[in-house]
Amino acid sequence: MTDITTGNTITFQGPPAVSGGAEARSRGYWAGVARRLRHDRFTLFFLALALLIILGALIAPWLGLPDPFQTSMARRLKPIGFKGHLLGTDELGRDLFSRLVYGGRTSLLLGIVPVVLATLIGGLLGVVAGFFGRGVNMLIMRVMDVFYAFPSVLLAVAISGTLGGGILNGLIALTLVFIPSLCRIAESATVQIRALDYIEAARATGASNWSIIRTHVIGNVLTPVVVYASSLISVAVLLGAGLSFLGLGVEPPTPDWGQMLSSLRQSIYVQPLICALPGLAIFLTSLSFNFISDGLRRAMDVKA
Amino acid sequence: MFLVDTTSTATDERDVGGAAQPMLIVRDLKKHFAVRGAAVRSTARVHAVDGVSFTVAKGETLGVVGESGCGKSTLGKLLMHLIDADSGELIFDGGAIGTRDMPLTQLRRNLQMVFQDSSSSLNPRLSIETSIAYGPRVHGASASEAKAKARDLLVRVGLRPDIFAGRYPHELSGGQKQRVNIARALALDPRMIILDESVSALDKSVEAQVLNLLRRLREDLRLTYIFISHDLNVVQYISDRVLVMYMGKIVEIGAVDEIYRRPRHPYTKALLRSRLSSSPDERIKLAPLTGDPPNPINPPPGCRFRARCPHARDLCATAEPVLEDGATGRKVACHFAEELADA
Amino acid sequence: MIGYIIKRMLYIIPVCLGVTAVCFALMYLAPGDPAQALLPPDATPEDAAYLLRLYGFDQPVWVQYGRWVLRAASGDLGVSLQSQRPVFREVMSALGNTAVLSAGAVLLAFVLAFILGTVAAYNIGSRIDQASTTLSITGVSVPNYWLGIVLVIVFAVELGWLPAAGMGSAGSDSFSLTDWAQLRYAILPIITMSVLPLGIIMRSVRASVAEALGQESIQLLRAKGLPPYAILTHAVKNAFPQILAVMGLQFGFLVGGSILVETIFNWPGTGFLLGKAILTRDVPLLQGTILVLSISFVIINLVVDVLQSIFDPRVRRT
């Protein structure tokens with residue numbers, strides 16, 4: 001199946017066949033994934049970078065950074081390294097490095113929370129649609145088709161444009177954008193799993209549908225859904241910052257990368273390098289999550 | 001050595017109807033599937049199981065044979081109530097299934113199934129122990145009880161719990177997986193097990209080991225088997241009686257020795273002739289079964305085998321033969337069974 | 001195949017109805033009374049009266065929806081509160097400008113992706129392949145609204161080679177691709193827009209060509225000693241329908257998602273219009289633009305599916 005936001009083709013492959021050597025003995029699937037990830041230095045590097053950005057955002061108030069809201073008319077648009085301003089100042093004289101670190105808070109919030117929510121909602125809807133089939137499937141999947149008929153950027157802009165600006169509306173808009181694709185992935189994986197004999201065997205024991213879903217379906221649907229969801233974080237970071245860039249999403253003076261990029265854009269003739277920095281932060285974050293997702297996909301052996 | 005409690009006692013207190021009461025009575029079981037994607041969806045139906053009746057006595061093994069697509073797997077799933085029958089009656093040890101005498105939950109405890117494909121029959125994300133313990137957990141056993149039960153059963157199927165309990169399906173060979181599948185089917189202490197092509201995917205040497213395990217379990221636990229397979233040699237080895245299916249119908253049923261020695265239905269004859277012999281002297285002399293079974297969608301009236309039958313006559317095109325009693329409990333569905341007896 | 005095409009075409013009817021329902025519902029998503037929310041802060045009483053008439057807010061919701069759909073189907077999307085011009089005409093003239101950028105970006109992306117993806121697929125597992133995979137992931141990670149600004153900084157501000165924004169003196173009505181004086185305005189936006197589809201199409205080209213190269217028929221050609229370029233020609237031919245489909249979809253995404261790039265370059269397309277509508281809370285314009293864009297996306301998807309089913313009978317996407 002081809003996905004709407006990234007064009008990725010995700011095929012559910014099931015767990016990798018690991019030969020029963022001494023090392024692979026009696027280990028669960030996730031232990032194997034962790035082992036393979038540990039040997040992937042490239043992915044580990046970007047994992048460390050992403051963790052650094054996340055950590056910086058989390059502990060920003062305790063880092064002893066300059067006040068990100070302190071404006072100064074005298075110190076507007078100063079270059080990198082200017083008198084205690086590591087990365088210079090913005091158009092209102094606020095410390096740019098501090099604002100970039102703080103800005104990670106909203107940008108990461110808009111990147112991660114909608115994907116988590118959409119994974120829970122869309123994944124559950126997909127599992128229900130795939131497992132129960134027939135009318136339930138029709139109802140859920142046809143509604144998803146309608147939302148699928150909107151390009152993701154357009155849908156996000158349409159929803160938050162109508163709801164108005166603000167972080168909460170941005171979160172709602174992005175969550176709604178990601179639900180349909182996650183629902184589809186979960187649905188097609190569930191349909192494949194439902195046909196397997198171990199589901200029949202579980203039925204034959206007289207287990208209830210929910211017990212079968214909990215024990216036998218969710219664990220196996222998780223792989224393709226998690227791999228796919230991880231690839232969406234980078235899309236969500238780009239889209240979320242994009243909304244703020246358009247004046248939806250996060251509103252000033254709260255620092256946010258997209259919104260900072262938007263307001264610094266007016267100053268490209270004065271301090272071009274400074275103006276490009278918030279976008280660089282978005283790029284690095286998105287890049288990190290994409291490489292992590294790619295590494296995860298390889299470690300989980302899901303074909304892309 | 002641990003013993004599985006209830007079933008190993010001398011008299012089974014779950015035996016309601018006594019030894020003479022058949023374990024399972026099947027009456028006129030029918031299942032038709034609507035054909036998907038048909039231009040006119042009204043009438044296109046596959047008659048997967050079309051009016052099948054038979055009984056299985058306590059402690060016996062009934063083999064079910066037929067070509068692929070004859071409905072034998074559908075039959076197994078119908079008996080397990082994994083799919084709903086269109087019509088028909090099922091009576092387990094005197095209790096009609098679905099009534100107060102034999103509610104579905106009780107049937108699940110009494111009747112279990114071992115599936116064919118050993119690679120998709122176990123959840124890849126669960127350890128062997130957890131997979132086996134799942135059934136008892138569903139029926140209310142505590143986690144430790146279910147775990148102990150799983151370990152007992154691993155011993156029973158010949159896998160050391162200290163080595164295998166924590167392993168995952170991808171770490172097992174095909175034969176080991178099939179042993180686990182058998183253990184899982186035993187986890188609810190069933191009295192009857194449906195084995196659907198349960199050894200078909202295994203190597204010949206492993207197959208023999210698993211068959212011997214099944215025979216031993218049958219003696220130890222007083223089990224009743226329905227053994228579905230396309231492999232006539234395996235069926236002969238394990239079964240007491242055999243049921244031959246063709247396009248959703250029983251064409252012949254009877255004691256395994258009788259049928260293998262003197263098949264009466266032309267289809268059974270052809271089927272037995274076409275099997276591979278281990279002896280090079282027993283060459284196939286007569287023409288084996290030729291052609292494919294006719295389209296199972298909306299079969300024509302008359303005998304379903306007539307298009308491939310060397311003895312077909314006018315009567316076969318108009319009247320459908322019924323399964324008629326013969327000597328020694330044998331039943332044949334052929335108009336000319338008596339006539340062809342010596343052919 | 002004809003049956004599939006007819007089925008696929010009929011299927012867009014419920015989808016389009018769903019799309020109109022979502023667009024209609026947007027009005028009710030807005031906080032507060034929809035009649036009030038529709039009014040810009042500086043609305044005149046005439047505006048208020050016009051809106052009431054247009055939407056029939058005194059009617060039940062489904063009547064409002066029905067009337068709205070019927071009017072929309074006849075090309076009447078109301079009048080922009082800001083410019084007082086019919087929304088349909090505004091959106092349609094902007095759509096052409098967006099299509100120019102999107103088509104240019106997809107073509108540019110395709111040419112580069114095709115070369116890089118084919119080379120990667122032919123040398124699968126090599127350093128070249130790894131580098132191209134990394135490049136493709138980088139491509140889909142770049143925020144294009146940032147890339148646009150960087151390109152402007154480099155090529156417009158620092159080097160002064162290309163204009164920073166707008167469409168040039170000719171304006172949107174007589175834009176001509178053959179006139180360099182006008183075309184130069186489109187170059188930076190097209191490059192900016194092409195990066196995301198470049199990454200995606202490249203990944204798809206690599207996967208399809210690699211798959212085709214692995215097919216037995218092509219293995220046979222290899223065994224027969226056919227030169228590499230001839231083998232590649234075969235492989236590419238096999239992979240083409242799939243690549244075409246991905247390109248078509250990307251075109252659809254670009255048309256629908258042009259708002260960020262067009263905002264940066266002040267390019268008077270549908271995205272720019274959308275941005276303007278959001279900024280001024282011009283609901284008829286917002287709703288109309290979204291409707292036209294999403295219906296266009298549905299139609300592009302339909303065309304892609306039908307074309308693909310003609311070229312490649314194996315694929316019957318539903």
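Mentor: Start with a term. A helix here is a DSSP run of H or I with at least four residues, and a strand is a run of E with at least two. The model is predicted.

Trainee: What makes up residues 44-63 of chain A?

Mentor: The span is 75% helix and 0% strand. Its end C-alpha atoms lie 25 Å apart. UniProt, in an unreviewed entry, includes residues 44-63 of chain A in its "transmembrane region" annotation.

Trainee: How far apart are the end C-alpha atoms of residues 139-161 of chain A?

Mentor: They lie 28 Å apart. That span is 87% helix and 0% strand. Residues 139-161 are also among the stretches UniProt marks as "transmembrane region".

Trainee: Which feature does UniProt place at residues 104-293 of chain A?

Mentor: The unreviewed entry gives "domain: ABC transmembrane type-1" there. In the model, residues 104-293 are 84% helix and 0% strand. The end C-alpha atoms of the span lie 19 Å apart.

Trainee: Turn to chain B. Is B:D93 buried or exposed, and why?

Mentor: The cut-off for buried is 20 or more other C-beta atoms within 10 Å. B:D93 has 23, so B:D93 is buried. The residue sits in the loop between β4 (87-92) and β5 (95-96) of chain B. Its phi is positive, about 45 degrees, although B:D93 is not a glycine.

Trainee: Why does C:N266 count as partly exposed?

Mentor: Partly exposed lies between the two limits: 12 or fewer is exposed, 20 or more is buried. C:N266 has 14 C-beta neighbours inside 10 Å, so C:N266 is partly exposed. Its place is the loop between α11 (259-265) and α12 (270-280) of chain C. C:N266 is not a glycine, yet its phi is positive at about 50 degrees.

Trainee: How do you know that β9 and β10 of chain B pair?

Mentor: A pair needs at least two bridges found by DSSP. β9(B), residues 241-246, and β10(B) have six, in the antiparallel sense. B:L243 stands opposite B:I253 in β10(B).

Trainee: What do β9(B) and β10(B) form?

Mentor: A hairpin, with two residues between the strands. B:M247 in the turn has a positive phi of about 50 degrees.

Trainee: How many bridges join β10(B) to β12 of chain B?

Mentor: Two, and the strands run antiparallel. At least two bridges make a pair. These strands meet that cut-off. B:I253 stands opposite B:K331 in β12(B).

Trainee: What makes β10(B) mostly covered?

Mentor: Six of its seven residues, 249-255, are buried.

Notes: Residues numbered from 1 in each chain as written. Chains lettered and ligands numbered in written order. Predicted model: local features only at pLDDT ≥ 70, side-chain atom pairs only at ≥ 80, totals over all residues. UniProt positions renumbered as here; feature names shortened; annotations may be inferred.
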